[in-house]
Each structure stands twice: as structure tokens, then as C-alpha cells.
Amino acid sequence: QVQLVESGGGLVQPGGSLRLSCAASGIIFSTYVMNWYRQAPGKQRELVATVTRGGVTNYADSVKGRFRISRDNGKNTAFLQMNSLKPEDTAVYYCNARGTLDVWGQGTQVTCSW
């Protein structure tokens with residue numbers, strides 16, 4: 001069964017950190033580009049970070065220097081380390097695997113608030 005399962009979301013105060021995980025199954029993980037997207041209430045889904053098959057990373061300007069995407073091909077898992085979180089980072093975060101297939105996770109809620 002092809003699926004992505006996100007975990008690690010939650011409630012955090014401004015300035016705090018969270019680490020999201022995305023566990024993949026049913027795909028040859030190492031052949032896929034991995035992306036993290038987010039969607040805040042009333043807004044369009046936006047691309048937050050990308051890691052290519054070769055490990056090259058790219059980030060949205062709004063998260064550069066604060067977020068770090070990584071992947072562990074041995075564990076079929078992608079990660080998003082989020083530091084210095086801001087209230088405007090509040091959103092549902094989605095993992096996406098893009099390759100032979102285009103696979104999406106179910107999303108995990110991240111809320112940054114006092």
C-alpha cells in the first residue's frame with residue numbers, strides 16, 4: 001500500500017521548535033523528491049521545503065534559516081526540523097512524495113501560539 005504518514009505536529013509557543021516526520025511505504029523512497037507543504041486557514045497550500053533524491057534542499061523565503069528538511073533513505077523517512085516558530089507558521093503541514101507517483105500524506109496540525 002502506497003502511503004505517507006506524518007507525525008510530530010502539535011502546539012508550541014513562539015520561538016519554540018518541532019520536528020515533523022514523514023514515513024513512506026509502498027514506494028522506492030530514494031527515487032522520490034520529498035516536499036513539505038503547508039496550508040493555513042483561508043489560504044492556498046504553499047511549498048515550504050524540498051529535498052531532492054541527491055539531497056539538495058530548497059526553502060520558501062518565509063522559512064529560510066529557521067526550517068531544515070532532511071531525509072533518511074534507509075528508514076524511508078523525511079523530516080522537517082522547525083525552529084524559531086512564529087504564529088504565522090500555524091498551518092496543516094503535508095508531506096508529498098513526487099516521482100513515478102504523486103503521493104500525499106494526511107497532514108499534521110502545527111499551532112504556534114501563546
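Is cysteine 22 buried or exposed?

1. The model is a predicted one. In it, cysteine 22 has a relative accessibility of 0%; because the cut-off for burial is under 20%, cysteine 22 counts as buried.

2. Cysteine 22 is joined to cysteine 95 by a disulfide, with an S to S distance of 2.0 Å. The angle about the S-S bond is -80°, and the link of cysteine 22 and cysteine 95 is left-handed. Distant parts of the chain are linked in this way: cysteine 22 belongs to strand β3 (residues 18–25) and cysteine 95 to strand β9 (residues 91–98), 73 residues apart. Cysteine 95, at 1% relative accessibility, is likewise classed as buried.

3. A search of the whole structure returns 1 disulfide. Cysteine 112 is a further buried cysteine, its relative accessible area being 2%.

4. Strand β3 also takes part in an open sheet of 4 strands, arranged in the order β1-β3-β8-β7 with antiparallel pairing. The edge positions are held by β1 (3–7) and β7 (67–72), each of which pairs on one side only. On average, and with direction ignored, neighbouring strands of this sheet are turned by 15° against each other.

5. At one side of that sheet, β7 pairs with β8 (residues 77–82) in the antiparallel sense over 6 bridges. Aspartate 72 is placed opposite threonine 77 of β8.

6. In soluble globular proteins, nonpolar side chains tend to be buried together.

7. Setting aside residues up to four places away in sequence, leucine 80 touches Leu18, Arg19, Leu20, Trp36, Val48, Ala49, Phe67, Arg68, Ile69 and Tyr93.

8. Threonine 108, in strand β11, has 12% relative accessibility and therefore counts as buried. A polar atom of the threonine 108 side chain lies 3.3 Å from the backbone nitrogen of glycine 9. With residues up to four places away in sequence not counted, the residues touched by threonine 108 are Glu6, Gly9, Leu20, Ala91, Val92 and Tyr93.

How values were computed: Residues numbered from 1 in each chain as written. Predicted model: local features only at pLDDT ≥ 70, side-chain atom pairs only at ≥ 80, totals over all residues. Heavy atoms only, no water. Pairing = 2+ DSSP bridges. Helix = DSSP H or I, 4+ residues; strand = E, 2+ residues; numbered from the N terminus. Axes fitted to C-alpha atoms, helices over the stretch in contact; angles between N-to-C directions. Disulfide = S-S within 2.5 Å. Buried < 20%, exposed > 50% of the residue type's maximum accessible area, 1.4 Å probe, protein only. Contact = heavy atoms within 4.5 Å. Polar contact = N/O pair within 3.5 Å; in protein donor to acceptor, adjacent residues only side chain to side chain.
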